[in-house]
Amino acid sequence: MHELSIAMSIVDMAQEEAERRDVKIDSVYLELGPLSGVVADALLFSYEVACSGTRLEGSRLVIKEVPIEVYCPTCKTQRILPSMQWFCCPECGTPTAEVIHGKELIITALEVRDECGTAPVGSA
């Protein structure tokens, strides 16, 4: 299960930021596309395991799923695909391989608070 190694990398990056800023991480926000090869449920489970015994224990992983978006050369516009099995424009049926979105595996923000437990100090 490669999701565990990905979760461990996410935890490592977030811990480095927490130590650098001397804050506690409450949530890690992630964008995840279906073409990333990562299963969201497996990543959520793995994140909890990876956080165990670290400064991130008790934090949440918040995943925003990103749809597959391609560029249609016939319509000359971007289109969201209804399925990852059929890389054709949903409007005109033209096959396309130009992926705009859907491969994402990106940490977009950290919800943090100072170590004293006062109000949140912002996002990274």
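Trainee: Where does Thr94 lie?

Mentor: Thr94 sits in the loop between β4 and β5, the latter covering residues 99–101. Strands are DSSP runs of E with at least two residues, helices are runs of H or I with at least four, and both are numbered from the N terminus. Before we go on, please keep in mind that this is a predicted model, where local features need pLDDT of at least 70 and side-chain atom pairs count only at pLDDT 80 or more, while totals for chains, interfaces and linings use all residues. Residues are numbered from 1 along each chain as its sequence is written, and side-chain values use heavy atoms, with hydrogens and water left out.

Trainee: Okay, and is Thr94 buried or exposed?

Mentor: Thr94 counts as buried because its relative accessible area is 17%, where buried means under 20%, exposed means over 50% and partly exposed is in between (1.4 Å probe, protein chains only).

Trainee: What does Thr94 touch, then?

Mentor: If we do not count residues up to four places away in sequence, Thr94 touches Cys72, Pro73, Thr74, Phe87, Cys88 and Cys89, and contact here means heavy atoms within 4.5 Å.

Trainee: Pro73 is on that list. Where is Pro73?

Mentor: Pro73 belongs to the loop between β3 (69–72) and β4 (77–80). Its relative accessibility is 39%, so Pro73 is partly exposed. Beyond its neighbours within four places in sequence, Pro73 is in contact with Thr94, Pro95 and Thr96.

Trainee: Switching topic, how do α1 and α2 sit relative to each other?

Mentor: Helix α1 covers residues 2–21 and helix α2 covers residues 40–51, and their axes come within 8 Å and cross at roughly 55 degrees. The axes are lines fitted to C-alpha atoms, for helices over the stretch in contact, and the angles run from 0 to 180 degrees between N-to-C directions. The two helices are therefore oblique to each other, since angles under 35 degrees count as roughly parallel, over 145 as roughly antiparallel, 65 to 115 as roughly perpendicular and the rest as oblique.

Trainee: And what residues meet there?

Mentor: From α1 there are Glu3, Leu4, Ile6, Ala7, Met8, Ile10 and Val11, which meet Ala42, Leu43, Ser46, Tyr47, Val49, Ala50 and Cys51 of α2. The residues of this contact divide into 12 nonpolar, one polar and one charged. In that grouping, Ala, Val, Leu, Ile, Met, Phe, Trp, Tyr, Cys and Pro count as nonpolar, Asp, Glu, Lys and Arg as charged, and the others, Gly among them, as polar.

Trainee: What about Ala40, which helix holds that one?

Mentor: Ala40 lies in helix α2, and at 16% relative accessibility Ala40 is buried. The C-alpha atoms of Ala40 and Glu3 are separated by 8.7 Å, although the two residues are 37 residues apart along the chain. Apart from neighbours within four places in sequence, Ala40 is in contact with Leu32, Ile63 and Glu65.

Trainee: Let's do a strand residue. What does the side chain of Asp26 make a polar contact with?

Mentor: The partner is the side chain of Arg113, at 3.0 Å. A polar contact is a pair of N or O atoms within 3.5 Å, and within protein one must be able to donate a hydrogen and the other to accept it, with residues adjacent in sequence counting only if both atoms are side-chain atoms. Asp26 is placed in strand β1 (residues 23–32) and is buried, with a relative accessible area of 19%. Leaving out neighbours within four places in sequence, Asp26 is in contact with Ser59, Arg60, Glu111 and Arg113.

Trainee: Last one: which strand is Ile106 in, and what is Ile106 in contact with?

Mentor: Ile106 is found in strand β6 (residues 105–114), and its contacts, leaving aside neighbours within four places in sequence, are Tyr29, Leu30 and Glu31. By comparison, Pro73 and Ile106 are 33 residues apart in sequence and 27 Å apart in space, C-alpha to C-alpha.
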